[in-house]
Amino acid sequence: MLEVRGLSRRFGGVRAVRGIDLDVPAGAIVALIGPNGAGKTTSFAAIAGFVRPDSGSVRLDGTDIIGWPPERIALAGMVRTFQITQPFAGLTVAENIRIGAFLRESHRNAATRLARELGTELGLGAWLDRPAAALTVAGRKRLELARALAARPRLLLLDEVMAGLTPTEVNETVALVRGVRGRGATILLTEHVMQAVTALADRVYVMAEGAMIAQGTPREIAVDQRVVEAYLGKGAAARIADG
Amino acid sequence: MALLMPALVGGLLTGGVYALVALGLTLIYGVLHIVNFAHGSLLMMAMFGAWLLAAKFGLDPLVALPLLAAIMFAVGWALYRFVIGRVAHGDDRAILLATLGVAVVLDNLALVLFTGDTRTIETPYALQMIQAGPLLIPLAKLIAFACALLLAGALWAFLALTDTGRAIRAVAREPEGAALVGIRPDRIFALAYGIGIACLGAAACLLLPSFYVSPQVGGVFVLVAFTVVVLGGMGSFPGAVVGGLLVGITENLGGLYLGEDLGPICVPLLFIAVLLVRPTGLFGSVR
Amino acid sequence: MTRGLWIALATLALLPFASHSQFVANLAMLTAISAALGQAWNIAGGFGGLTSFGHVAFFGLGAYADAILQTRYGFTPWLGLPAAALLGGGVGWLMGLATFRAGLRGSYFALVTLAFAEAFRILANSIGITGGGSGILVKLHTSAGNFQFADRRAGYAAALALLALATFAARRLAVGRFGAYLMAVRENEDAARALGVRAVRVKSAALALSGALTALGGVLYVQSYLYIDPPTAFSVERSVEMLLVAMIGGAGTVAGPLLGALAVHAIADTTRSLVATPGVAPMLYGVVLLLIIGFLPGGIARFVTRPAHA
C-alpha cells in the first residue's frame with residue numbers, strides 16, 4: 001500500500017534521512033524504530049507531505065505523492081498523528097475529534113455523533129465538552145489518535161502515540177490499534193515503547209543516524225546483531241524477546 | 001535626468017531619517033519579537049513634543065534632540081512596563097492588538113490636545129540650500145541625514161560594545177539562556193522598547209524642520225516604517241538602514257514618475273510585493 | 001440564557017420602528033451598519049483568526065462599485081448590491097490566495113491588509129473613474145426603485161437586513177463544517193491540514209465571504225449619504241472600528257459584534273453628549289480595547305452568554 005524508495009532529506013549539513021526504503025503492505029502493522037535523532041520523525045513528515053524530501057519516491061497505492069500537500073495526502077486516505085501533540089486548543093475535545101470526522105462525513109450531526117462515540121470509546125467521555133487545552137499529556141495523546149481515527153484513514157501513521165502513557169494505558173492503546181487494523185486500516189507507527197512494538201508489529205524497520213540498518217519480524221530484529229550492537233545496546237535484545 | 005538626480009538625492013536624505021525610525025522598530029522586533037503597530041503614533045507624539053519645545057520654549061529641534069530622546073525613552077519604557085507587557089500575556093495577536101489600542105489612544109489623545117490642525121516650525125536653516133555641483137540640497141535635510149546616520153552608528157556601537165548592549169543581544173537570541181546567566185529578560189524588554197522609542201524622539205527632531213505634524217501623521221509613517229523594516233528584513237540592523245534609504249528613494253521616484261497623486265502608491269505596493277515574494281527581506285534570515 | 005439574549009436583541013432592533021423620530025432611526029441605522037460590518041470582520045478575524053487591519057478595502061470597493069455603476073453607467077442602484085458582493089468577494093478571495101500561499105500569518109497579514117487598503121485609497125484618489133479626490137456625488141432622487149429612502153427607518157431596515165444576513169452567515173459558521181474547519185485552521189494550521197483541511201482555500205473563502213458582506217456595507221453607505229470620496233471609502237478608522245466592534249463584543253462568537261456595536265455606540269453617543277471635543281470617544285474605544293485584551297479576551301459575550309466551555 002505504501003512504498004518508500006530512496007527517501008532522503010538534509011537540513012543544512014545534516015543528512016537527517018539517507019535514502020531509506022520502506023514497504024507497508026495493505027492490512028499490516030509496520031513499526032519504524034530507532035534511537036532519538038535517527039530520522040524517524042523526519043521520515044514521517046516527508047511521507048505525510050509536511051517536509052519535502054530532497055530525493056526519493058513515496059507511493060501510495062502506486063501513485064507517487066511526493067510534492068502533494070498534507071491535506072491532499074489526508075484526502076487520499078493517509079492520516080498522521082503528531083509526536084508533539086497538536087490539539088486545537090480553543091475547541092472542545094468533541095469539536096477536535098469532529099474535525100477529523102468531517103473528512104469522510106460532511107453532515108454535521110453524523111460527524112458530531114461519530115466524534116462523540118469515538119471519544120467515549122477512547123476514554124475521553126468525561127472530557128468531550130471541555131477545551132482540549134485542559135487535557136493531560138495522556139489525554140492529548142488519545143485525542144491525537146481519536147482525531148486521526150475519526151478521519152477513517154486507510155493508512156494510519158502513528159508517531160509515538162504511546163510515549164508518556166502508563167503501562168495500563170499502553171495496553172489499552174495496543175488493543176485499540178489492533179482494533180483499528182481489525183476494521184481494515186493499515187498502520188505505520190514509530191515507537192519507543194518496545195513492548196508495544198513487539199505486541200503489534202508484523203514487520204519492524206530499524207533506523208539509525210538517518211539510514212535503515214535492519215528490517216524483519218520483531219523476533220528477528222530482537223536477535224539481529226547489527227541492531228543489538230549498533231543501536232539498542234546490551235540487554236535490549238532480551239527485553240524485546242520478553243515482550 | 002535633470003529631475004532624476006534631485007529626486008534621488010532628496011529620497012536618500014529623507015531615507016536617512018526613515019532608517020532611524022525603522023531602527024527603533026526593528027530593534028523592538030528583534031529583541032521582543034513584537035510588531036509594534038504604535039510606532040507611527042509614538043513618532044507623531046514625539047513630533048508634537050518637538051513642536052511644543054520649539055514653539056513654546058524656543059528650543060531648536062537639534063538642541064532639543066537629546067532631551068526628547070530621553071523623554072521618549074521614558075515614555076517607551078513605561079508604556080511597555082505598564083501597558084503592553086501587562087496586557088498582552090505573551091500572545092502574538094494580543095500584543096499586536098495592544099499596540100493597535102495604544103495607537104488609537106495616542107492618535108485621538110493628540111486630536112484632543114492639539115486639534116486636527118497641521119503644525120510646522122520655523123528654523124533659521126529651514127530654507128537654506130547648499131550648492132553641490134548642479135544640485136541644490138536643503139540644509140535641514142542634510143543635517144537630518146547626517147545626524148540620523150550618526151545616531152544609527154552610535155546605536156550599533158552601543159549594542160555591539162557595551163555590556164548592556166550585549167545583554168540586549170543575548171536576550172534577543174536566547175531569552176532562556178540569558179535568564180540562566182542572570183539577565184532579567186523582562187527588564188531588557190522594557191529597556192529595548194524604550195531605546196526603540198527613543199529613536200523616535202531623535203527622528204522627530206530631525207523630521208520637524210522640514211516636515212509638518214498633525215494627529216494623522218502617525219498613520220503616514222507607520223506603513224513607511226514597516227515597509228523599511230520588511231524590505232531590510234525584520235530584525236536586521238543593516239537592513240533597516242539600507243531599507244530606509246531605498247524606501248526614501250522609491251517614494252521620491254514614485255512621485256517623479258507617477259505624479260503627486262498616484263506616486264505614494266509605491267510604498268504600500270513595495271510592502272505587499274516584498275511580503276508576497278520575499279518575506280525575509282534583503283538581509284533577513286530564513287525563519 | 002442565549003435564547004433570552006437573542007429575544008432581547010431582536011426586540012431592541014424592532015423598537016426604532018415604533019418611533020417617528022428620524023434622529024432615533026438614524027442612530028439605529030448607524031449602529032446596525034456598525035454591527036453588520038463588525039460581524040463581517042468577525043467572520044474572517046474572529047472565526048478564522050485572520051486579524052485584518054485593512055478591512056475597509058472591501059467597504060470602499062463596494063461603495064465605489066455601487067456609485068460608479070449608477071452615476072457613470074446609469075444602472076439601478078439595486079444592481080450595486082450583487083456587483084459589490086461579487087467584487088468584495090472576488091478581491092477577498094484573490095487577496096487570500098496571494099497572502100496565504102505566501103505563508104503570511106498573524107501580524108504580517110494584518111499589515112498587508114492595511115497596505116492593500118492604502119493602495120486602494122491612493123488609486124481611488126488618482127484615477128478618473130472614481131472622480132479622484134473630489135469623489136462621486138449620487139443624485140438625490142428618493143424612491144424604492146432608486147434604493148433611496150426619505151424615511152430613515154427604511155434605511156435602518158436595509159441595514160438590519162444586512163446585519164441579519166451577516167449574523168446568519170456567522171451562525172452557519174458556528175455550527176457547520178466549513179466554520180469548524182475555519183476555526184481548526186485558526187487554532188492549529190498544521191494539525192488541520194493533517195486531517196485533510198485545505199487551509200489556504202478555507203481561509204481564502206472566509207476572507208471572500210467577509211469581503212462580500214463588507215462590500216455590501218459600502219453600498220448601504222452610499223445609498224444613505226449619496227456621496228463617497230477616497231478618505232471616507234478607505235479610512236483606517238473604519239477598519240479599526242470593525243475590529244473594535246468584534247473584539248469588544250467577543251471575536252469568534254455569533255452575538256459578539258452585535259453587543260460590541262451597542263457598546264461602542266453607547267460609548268460614542270454618551271461621550272459626545274458630554275464633551276464636544278473630537279477624539280475623546282475614539283480614545284475611549286482604544287482604552288476599552290486594551291482593557292478587553294488584558295482582562296476579558298472573550299469580550300462582552302463572555303458576560304452575557306454561557307461560556308462555551310464550562
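The place of F147(C) is the loop between β1 (136–137) and α6 (152–175) of chain C, and its phi is near 55°, a positive value in a residue other than glycine. Most residues other than glycine have a negative phi.

The model is predicted, so that local features need pLDDT of at least 70 and side-chain atom pairs count only at pLDDT 80 or more, while totals for chains, interfaces and linings use all residues. Residues are numbered from 1 along each chain as its sequence is written, and chains are lettered from A and ligands numbered from 1 in the order in which they are written.

Chain C, to which F147(C) belongs, has 14 helices and 2 strands, these being DSSP runs numbered from the N terminus, with helices (H or I) of at least four residues and strands (E) of at least two. Its radius of gyration is 19 Å, close to the 19 Å that the globule rule gives for 310 residues, so chain C is as compact as a globular protein of that length; the radius is taken over C-alpha atoms, and the rule is 2.2 Å times the number of residues to the power 0.38. Taken along the principal axes, the C-alpha atoms of chain C fill a box of roughly 55 × 40 × 35 Å, and 57% of the 310 residues of the chain count as buried. Among contacts in chain C between residues at least 6 apart in sequence, 78% join residues at least 24 apart, a contact being two residues whose C-beta atoms, placed from the backbone, lie within 7 Å.

Chain A can be described in the same terms. Its secondary structure comes to 10 helices and 10 strands, and its radius of gyration is 18 Å, close to the 18 Å that the globule rule gives for 243 residues, so chain A is as compact as a globular protein of that length. The box filled by the C-alpha atoms of chain A is roughly 50 × 40 × 35 Å along the principal axes, and 50% of the 243 residues of chain A count as buried. The mean pLDDT of chain A is 88, and 93% of its residues reach 70 or more, pLDDT being the predictor's confidence in each residue, from 0 to 100.

Within chain A, 4 strands form an open sheet in the order β2-β1-β4-β5, with antiparallel pairing; two strands pair if DSSP finds at least two bridges between them. The edge strands are β2 (14–24) and β5 (63–64) of chain A, each of which pairs on one side only. Strand β4 (residues 55–60) of chain A is joined to β5(A) by 2 bridges, and L60(A) stands opposite T63(A) in β5(A). In the loop between β4 and β5 of chain A lies D61(A), which has a positive phi of about 50° although it is not a glycine, and which counts as partly exposed because it has 14 C-beta neighbours inside 10 Å.

How the chains meet comes next. Of the 2 pairs of chains in contact, chains B and C share the most contacts, whereas no contact joins chain A and chain B, whose closest C-alpha atoms lie 12 Å apart.

In chain B, V267(B) lies in helix α11 (residues 266–277) and counts as buried because it has 23 C-beta neighbours inside 10 Å. Leaving aside its neighbours within four places in sequence, V267(B) is in contact with L223(B), V224(B), T227(B), V247(B), T250(B) and E251(B). V267(B) and G254(B), which are 13 residues apart in sequence, are 8.7 Å apart in space, C-alpha to C-alpha.

How values were computed. A residue is buried if 20 or more other C-beta atoms lie within 10 Å of its own, exposed if 12 or fewer, and partly exposed in between; C-beta atoms are placed from the backbone.
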